[in-house]
Amino acid sequence: MKPKVLIVDDSALSRRTLRQILEPAGYAVEEAADGLIALELYSLDRPDVVLLDLVMKGMYGLEVLIKLRELDANARVVVVSADIQTSSHTLVEEAGARAFVNKPFDKADILKAMTSVLQEPPGGTYR
Amino acid sequence: MELTAEQQDALVEVINIAFGRAAASLSKLTGQRVQLEVPQVTMCPIEELSRGLRPMIVGDVASVHQIFSGPVVGDALLVIDQRSAAILKELLTSEPALPLEIDASAREVLTEIGNILLNACLGTFGNLLQVQVSFSVPHLTLETLEGVVSSITVGRQGLRYALIVHAGFRLRDSNLTGYLVIVLSVASIERLIRAIEQRERDQR
């Protein structure tokens, strides 16, 4: 069965680009344009990995991350953001994200993050 | 309020690093070499902001605006003319640039490019100065430069002076020019200068 990925980003361009990377690599992709839809889809479908933007309309990405971890303490969340600050990496790591990929992203970086996060046991380490 | 030559020099160095990071991001997005002009730093009263920006671009502009907050508060803008906006759309989506209009696809591309470039620039500030900068959602507008400036200044009673930092960029094969502009209040300029001076002391 294909691993399920939920892309959470208010940019349609980013969602489309990620879909174009992930589908040919064998992932089943779902999209959410904001945090509330993401939380609903997560509850319904329990995707294997969530790719989460930080700065979004409505609910901020960090808040979405915290709520996802409340829903499922083992949720695998990879933050995909343009924010390059070291302090932001620390914040999301403390909130339970498994990895951080900076925009503009490389196909190789995304696929590498996906592979490593899926190979880790629940509660794995931050990359 | 005026900066000393030493403060101006230190500020330009930090801005150089930040804008260099933004140029690298744009190069990665478009697959083209990005030439960056030397950043220029000017200080002007808020009511003269429009005049200060005018020599850069004429006519209607596409601008992506993000408010940033934290120890340093201000506005960051990516400003480009309509022709350049259409070329960027073509580079990122393979959709034709002509006719030169900002359609839905171009809006989507510009907003995300603005988000990435402004984050690259201000995030470098945050990293270098060891402060956490938070960003608002990027907002794209298409209007005159005066309209853009007005949207920044209206309702900002405490903002009497603005630091305009701008650096033009050009994509070698695409003849595209745009500007990154950072507008800071006097209080934030002072905090920024103090942080830069502290960084220099720490490096000795």
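Predicted model: local features only at pLDDT ≥ 70, side-chain atom pairs only at ≥ 80, totals over all residues.

Residues are numbered from 1 along each chain as its sequence is written, chains are lettered from A and ligands numbered from 1 in the order in which they are written, and side-chain values use heavy atoms, with hydrogens and water left out.

**Exercise 1.** Work out how many helices and strands chain B has, and their order.

*Solution.* Start by counting: chain B has six helices and eight strands. Helices (H or I, at least four residues) and strands (E, at least two) are DSSP runs, numbered from the N terminus. Now read along from the N terminus, and you get α-β-β-α-β-β-α-α-β-β-α-β-β-α.

**Exercise 2.** Compare chain B with a compact globule.

*Solution.* First, take the 204 residues: a compact globule of that length would have a radius of gyration near 17 Å. The rule is 2.2 Å times the number of residues to the power 0.38, with the radius taken over C-alpha atoms. Next, look at chain B, whose 16 Å agrees with that. Finally, 52% of the residues in chain B are buried (under 20% relative accessible area; exposed is over 50%, partly exposed in between, with a 1.4 Å probe and protein chains only).

**Exercise 3.** Which residues have the most contacts inside the largest nonpolar core, and which element gives the largest share?

*Solution.* A nonpolar core is a set of buried Ala, Val, Leu, Ile, Met, Phe, Trp, Tyr and Cys residues joined through side-chain atoms within 4.5 Å. The largest one has 54 residues, and B:L11, B:F19, B:F68 and B:I182 have the most contacts inside it. The largest share of this core, 11 residues, comes from α4(B). Zoom in on B:I182: leaving out residues up to four places away in sequence, its contacts (heavy atoms within 4.5 Å) include B:F19, B:F68, B:C121 and B:F125.

**Exercise 4.** Is B:E13 buried or partly exposed?

*Solution.* Find B:E13 in helix α1 of chain B. Its relative accessible area is 39%, so B:E13 is partly exposed. To finish, go 10 residues along the chain to B:A23: the two C-alpha atoms are separated by 15 Å.
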